[in-house]
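Here are my notes on the model you sent over. Have it open while you read.

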Amino acid sequence: MDLRQLRVFVAVVDAGTFTDAAARLGVSQATASRTVAALEAALGARLLQRNTRHVGLTGTGAQVLPIARRVLDEVAHLERVVEQSRGELRVGYAWAALGKHTRRVQKAWAATHPRTPLVFVQTNTPTAGLAEGTADVAVIRRALDDPRFDTALVGVESRYAAVSTDSPLARRRSVRIDDLTRYTLAIDARTGTTTLDLWPPGSAPAKVRTTTGVDEWLTLIAAGQAVGVTSEATANQNPRPGVAFRAVRDAPPIPVWLAWWRDDVPPRLSDLLGLICEAYR
């Protein structure tokens, strides 16, 4: 059994005759008849009652028809999804795309690839949408230890503290990592870039509040219920009333990688890598 057999079967039912179905499909009447016969042989059941003027469904055929339609509809949907993915390049990210470089890369891409839109898609998962199928490539700021994916380092970003605008820390131009220890620290352990390893042993914040994404993280900080440490890109791309971002002058920078499926390299990947690396220089 194959999809062609299902398509011919449905076409014959809709047209009412093999002759009319064959004309719609652009095949001969004999080919349409043989194709349905092959489907019946594969299933081991008669699907159509045939006479010289009309065909009708058997009891089994009446049960098979709606299933055949659903199968063909799902295949058509699958083909549309694949075609759409070929028509655009989707870049996934969890918290921030490329920060201040996002617009620059978008404009440069549009100028050189006008027929292939560069679309940024937020997916708060460790692979930023790669494993979920919502992205062709992904911006990753945590080491991706997964053999299914390849990665390339495209740049580094400074770390920023996020504090309430009511906090005394908001009055400073920059902070040190130890300045945050007396506050509750908000961490997204799944996709965030901050762990307690940023602090020397024994000096990490005593209280940690777990969050599940950038919006919840920002909301806690704006309310003065926690502080956070994040990438420069988050500070640039997610301004929030009540939240002040201040550079952390003694924290190590955050590496930024681009990731993609090892066995399904997206077209024009090298062009995108070149633009992003150039933006980060």
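The points below go through strands, one tryptophan and some salt bridges.

1. Ground rules. This is a predicted model, where local features need pLDDT of at least 70 and side-chain atom pairs count only at pLDDT 80 or more, while totals for chains, interfaces and linings use all residues. Residues are numbered from 1 along each chain as its sequence is written, and side-chain values use heavy atoms, with hydrogens and water left out.

2. Strand 3. Helices (H or I, at least four residues) and strands (E, at least two) are DSSP runs, numbered from the N terminus. Strand 3 (residues 89-93) is mostly covered, with five of its five residues buried; buried means under 20% relative accessible area, exposed over 50%, and partly exposed in between (1.4 Å probe, protein chains only). Leu89, Val91 and Tyr93 point one way, Arg90 and Gly92 the other.

3. Its partners. Two strands pair if DSSP finds at least two bridges between them. Strand 3 runs parallel to strand 4 (residues 118-122) over five bridges, and glycine 92 has valine 121 as its bridge partner there.

4. Four strands make an open sheet, ordered 8-12-7-11. Its edges are strand 8 (174-175) and strand 11 (228-231), each pairing on one side only. Strand 7 (residues 159-164) and strand 12 (residues 243-248) are antiparallel over five bridges, with valine 163 bridged to alanine 244.

5. Tryptophan 199. Look in the loop between strand 9 (185-187) and strand 10 (208-210). Tryptophan 199 counts as buried because its relative accessibility is 4%. Leaving out residues up to four places away in sequence, its contacts (heavy atoms within 4.5 Å) include Ile177, Leu185, Pro205 and Val229.

6. Salt bridges. The whole structure has twelve, each a side-chain nitrogen of Lys or Arg within 4 Å of a carboxyl oxygen of Asp or Glu. Arginine 176 and aspartate 250 meet at 3.7 Å, N to O; they sit in separate loops, so the pair ties together parts 74 residues apart in sequence. Glutamate 40 and arginine 46 come to 3.9 Å, and Glu40, Arg46 and Arg50 are linked in a network. Within it, glutamate 40 is buried at 9%, whereas arginine 46 is exposed at 52%.
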